Amino acid sequence: MADDLPEQFDLVVIGTGFTESCIAAAASRVGKSVLHIDSNEYYGDVWSSFSMDTYCARIDRVVEPHSTLRNASYTWHVAETAPETESIETQGDQRWTRDSVMAKSRRFSLDLCPRILYAAGELVQLLIKSNICRYAEFRAVDHVCMRHNEEIVSVPCSRSDVFNTKSLTIVEKRLLMKFLTACNDYGEDKCNEDSLEFRGRTFLEYLQAQRVTEKISSCVMQAIAMCGPNTSFEEGMQRTQRFLGSLGRYGNTPFLFPMYGCGELPQCFCRLCAVYGGIYCLKRAVDDIGLDAETNELVLSSAGKTLRAKNVVSAPGYSPVSKGVEMRPHISRGLFVASNPLGNEELNKGGGGVNLLRLLDADGQREAILIQLSHYSGACPEGLYVFHLTTPAVSEDPASDLSAFTSLLFDRSDVQLIFSSYFTIASQSNKSAAAEHIHYTEAPTFELDYDAAISNARQVFNKLYADAEFLPRAPDPEEIVIDGEDPSALNENSLPEDLRAQLHDMQQATQEMDIQE
Amino acid sequence: MHGRVKVRTTEEERERKKKEQALKVRAYRAAMGRIQKKREAGELDSEMLTLTVQILQRNPDVSTLWNIRRECVLDKLAKLKAEAAEKEAETPKEEENTEGAAEKNDSQPEDKSQAVFTTELDLTEQCLMVNPKSYNAWHHRCWTLEQNPRADWQRELLLCNKYLKFDERNFHTWDYRRYVTEKAAVPAAQELDFCTEKIKVNFSNYSSWHHRSLLLPELYPNERRDRPMSEEKLQQELDMVLTAAFTDPNDSSAWFYQRWLLGSGAELDRVPKVAAFRLGAKGAVLALDKPNPELNKLPIELVSGDEKWQLQNWQSVDSGKTAWKLQQAFDCPKTKSLTLKLADQEVNLSPIPNSDGFYYFVPPHAVASCSKELLAELQTQLQSCLDLLEYEPDSKWTLLTSALLMRAIDVSANHDQSLTHLTKLEKVDALREGYYKDLAARWVLESELAKWPQAADFPTKFELAEEKSLASLPLGQYLIIADELKVSPKLREELGERLPKSFGDLEL
């Protein structure tokens with residue numbers, strides 16, 4: 001099999017994470033020959049999703065000094081098997097055990113790096129623009145939540161939410177709507193008094209000057225603008241606009257979650273790369289990389305074979321390029337499985353969907369993002385809920401980094417935890433000497449959407465191919481004509497099926513009748 | 001270079017589209033020609049049905065084709081009926097012992113006619129997918145269901161639900177829904193719940209508010225009929241609609257619904273009432289509170305004890321058909337008490353002080369009754385509006401609504417302030433300046449007319465203070481009983497021909 005592999009490539013991409021897959025697809029799309037290689041037996045690197053058993057196996061794997069996934073552990077909070085005397089279905093209330101959860105292992109899609117997409121954000125736009133969206137499915141996020149008076153409440157996002165909510169008075173409703181409209185229009189009129197007055201001040205100051213009530217203020221700060229007390233006025237406005245600009249596109253909230261987990265997304269890009277001739281090799285490591293000074297090509301040896309590439313892009317954490325590189329904790333992650341959801345019935349109607357909650361610690365300095373998934377996300381079995389907790393790392397101990405937030409969430413709630421797991425995603429703090437001619441991608445950063453990852457991919461791509469377009473639209477099958485045909489000919493096969501049938505009917509009808517011109 | 005992937009250019013794409021279009025036009029002409037020939041020949045057969053389907057599926061708005069289809073369907077049904085009758089006559093009596101066979105024979109033509117109906121319903125459904133606002137397709141659906149004594153109305157209800165999920169503002173579907181719910185005897189309460197759900201999804205929906213306005217008076221009738229619905233329900237509705245209005249004050253649907261709520265519900269279907277009447281030495285004049293062009297068809301008479309005088313042949317003196325004068329010469333009877341009877345209305349006339357004749361006058365009443373609870377609700381709403389005006393002093397709808405609320409709470413105490421709101425509205429909503437001026441004139445007249453019976457020369461003289469600068473003189477029919485109208489020369493000039501006729505002007 002290895003013998004069939006060509007020896008010469010325009011680009012070799014090491015690691016199949018999101019950023020690398022983007023670059024591989026973009027290069028392949030503009031006609032470059034691409035080899036995409038990953039020493040793992042799965043796609044996605046630290047952007048991947050796992051079933052329950054493969055997740056545990058991944059956590060158990062030996063950590064190397066340059067691994068990006070580290071400090072990993074997991075704990076089961078339930079018995080291995082049900083005691084024999086107890087029937088499993090007592091009063092219709094299923095008692096979960098390790099075995100019964102493991103029996104549904106394949107129903108899980110546990111993300112290492114879960115994200116939420118803005119419905120009009122960078123990634124969604126890129127997926128649409130490049131026509132990669134046909135490979136993916138999404139669920140609109142059901143509720144954007146916030147903590148108010150120790151409780152988790154839904155934030156009114158849309159106009160109908162504001163209308164229906166019982167938690168705001170009518171004057172508050174008007175103030176909130178007015179505030180949001182003002183934010184939406186911000187920037188259209190540069191001479192606007194507000195924008196001049198608040199330039200250089202914080203967003204919170206602006207908010208307070210709008211005479212909004214405390215509740216509206218927390219709605220905006222915590223969930224809509226998602227900012228802290230020190231966020232500048234300009235940035236707060238931008239963030240609010242980003243939120244509002246994504247409203248009313250696909251669902252009640254401005255957010256989307258990829259069905260079956262975020263691990264699907266790198267694979268969508270890989271698929272496009274393969275459609276345009278990219279070659280994929282999983283479970284294949286690169287043993288050594290050197291530079292051929294004569295041709296200025298990179299020479300890679302992999303599984304006893306020598307490959308030559310004009311360029312190499314690598315994710316952090318892969319040998320040999322990351323060997324000897326110092327790794328720094330970057331993101332602290334918690335992953336929990338429970339038998340009941342967070343928040344009240346209203347937030348989890350009909351078994352719940354996907355809920356998003358941004359948390360701030362007691363002094364409002366550190367933040368974490370919580371994503372709650374029910375089985376409607378396709379990433380969790382029915383009757384169970386997955387909580388993804390993510391915060392920027394401050395230490396090598398993810399559990400202690402997250403303890404401020406887990407106590408907010410679980411201490412005084414009735415959530416029945418079944419499984420909990422913690423790990424760190426690390427980034428490289430410096431480049432290895434061997435990596436001079438290699439382009440690096442960055443480890444996942446702490447963000448809600450994929451903006452930083454896309455901008456990283458775009459930046460690497462532009463360095464490689466300055467003149468080429470980044471992921472232009474891929475044509476649909478019916479737009480493709482085979483050379484040698486008259487391209488303007490009405491090719492029946494290129495029409496959508498129903499129109500083809502209609503035309504066929506018509507043509508038949510025309511033939512049968514006497515046509516009076 | 002065979003088989004290489006190449007994407008069609010926009011130029012080529014356009015060319016291809018043009019060819020496709022030409023082919024479609026050819027097919028359409030051919031099919032239409034064929035249909036017309038067949039119809040001339042009276043061939044209302046299955047082929048005709050197939051031909052019309054092809055065109056209607058693409059363009060559901062060809063009324064002619066729907067008419068032809070209806071002819072075909074009726075023809076088919078008549079044939080099936082004849083067939084059934086024939087079969088029944090043919091069926092020999094002895095076969096009836098095998099019950100199953102008899103049933104089968106019976107049901108066959110019935111099944112066939114059901115199949116005809118189903119085909120029509122399916123077709124309209126397909127057409128509505130193409131154009132959900134096709135009048136023809138909706139009409140044909142109603143027609144089909146009317147023909148079928150076994151129509152499945154529950155299925156139609158589900159169809160409405162489905163279509164309103166696609167577009168909750170499609171007024172065709174709402175119209176059709178009202179038709180279906182009546183046929184399916186859906187309880188009004190259930191409909192109201194449905195309606196509420198739709199408003200929760202998107203309150204910017206005139207159709208849905210309208211649907212409510214039809215259901216509520218039926219579900220929660222108002223005993224006195226001076227409000228659209230019971231006061232308790234009215235409070236809830238006012239609360240809901242103000243929430244909508246505050247959420248988005250630029251959406252007019254909620255404000256319109258609110259105006260309806262604050263109005264006196266029975267206005268529209270009420271018969272016109274006698275507003276004013278004067279009987280002089282030579283004749284009589286009559287004013288109604290709302291137009292009635294058919295006044296001469298009503299029996300009108302004066303009664304004094306056992307004596308009766310018919311008053312016939314009235315002539316209208318205003319364009320609004322609210323003010324009338326008696327054409328026939330009539331001498332005022334010498335009596336102390338007189339009663340005017342107009343259809344089933346009866347009013348007692350009063351003698352005119354210091355003059356001959358009798359009169360009747362009741363000022364237009366602007367305000368409906370109000371319980372304590374409702375009053376409290378109105379006051380809360382007014383307060384919310386006033387709060388909002390502090391933040392948004394130029395909000396058009398808030399200004400108008402607060403003026404209306406003030407008048408609903410206490411018309412005389414808030415008269416001046418409500419007029420200030422209208423003056424402000426003339427500026428902030430200059431496009432509707434005339435509307436606000438007219439409304440202001442109406443309010444002023446309402447107030448002046450209410451005070452008139454206390455005036456010194458009532459009812460022979462009506463005086464409008466100089467400082468009242470009015471753009472028009474609404475409710476002018478009430479002034480017909482006065483001998484003299486004293487209005488500013490400016491207004492007199494402005495109104496010209498439109499100045500209301502007074503008793504003195506009319507040559508009786």
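This is a predicted model: local features need pLDDT of at least 70, side-chain atom pairs count only at pLDDT 80 or more; totals for chains, interfaces and linings use all residues.
Reader: What kind of peptide bond joins B:Phe458 and B:Pro459?

Author: Most peptide bonds are trans. For B:Phe458 and B:Pro459, omega is about 0°. The bond that joins them is cis.

Reader: Is A:Asp45 buried or exposed?

Author: First, its setting: A:Asp45 sits in the loop between strand S2 (34–37) and strand S3 (49–50) of chain A. Its phi is near 50°, a positive value in a residue other than glycine. Around A:Asp45 there are 30 other C-beta atoms within 10 Å, and 20 or more make a residue buried. Therefore A:Asp45 is buried.

Reader: And what is phi of B:Ala343 near?

Author: Most residues other than glycine have a negative phi. B:Ala343 is found in the loop between strand S8 (338–342) and strand S9 (345–351) of chain B, and it is partly exposed because 14 other C-beta atoms lie within 10 Å. Its phi is positive, near 50°.

Reader: Let's turn to helices. At what angle do helix H6 and helix H9 of chain A pack?

Author: Two packed helices are described by the angle between their axes and the distance between the axes. For H6 (residues 170–185) and H9 (residues 214–224) of chain A, the axes are 10 Å apart. The crossing of H6(A) and H9(A) is right-handed, and the angle is about 35°.

Reader: How many charged residues does the contact of H6(A) with H9(A) have?

Author: On the H6(A) side we find A:Glu172, A:Leu175 and A:Leu176, which meet A:Lys215, A:Ile216 and A:Cys219 of H9(A). By class, the contact has 4 nonpolar residues and no polar ones, and the number of charged residues is 2.

Reader: Now a sheet: which residue is the bridge partner of A:Arg139 in S12(A)?

Author: The open sheet has 3 strands in the order S8-S12-S9 (chain A), paired antiparallel. Its edge strands are S8 (117–118) and S9 (138–140) of chain A, each pairing on one side only. S9(A) pairs with S12 (residues 255–258) of chain A over 3 bridges. In S12(A), the partner of A:Arg139 is A:Phe257.

Reader: Last one: over which residues of chain A is the pLDDT below 50?

Author: Chain A averages a pLDDT of 87, and 87% of the residues score at least 70. One stretch has 5 contacts in the model beyond near neighbours in sequence, and its pLDDT is below 50: residues 88–92.

Methods
Residues are numbered from 1 along each chain as its sequence is written. Chains are lettered from A and ligands numbered from 1 in the order in which they are written. Axes are lines fitted to C-alpha atoms, for helices over the stretch in contact, and angles run from 0 to 180 degrees between N-to-C directions. Helices (H or I, at least four residues) and strands (E, at least two) are DSSP runs, numbered from the N terminus. A crossing is left-handed if the near helix is turned anticlockwise from the far one by less than a right angle, and right-handed if clockwise. Two residues are in contact if their C-beta atoms, placed from the backbone, lie within 7 Å. Ala, Val, Leu, Ile, Met, Phe, Trp, Tyr, Cys and Pro count as nonpolar, Asp, Glu, Lys and Arg as charged, and the others, Gly among them, as polar. A residue is buried if 20 or more other C-beta atoms lie within 10 Å of its own, exposed if 12 or fewer, and partly exposed in between; C-beta atoms are placed from the backbone. pLDDT is the predictor's confidence in each residue, from 0 to 100. Two strands pair if DSSP finds at least two bridges between them.
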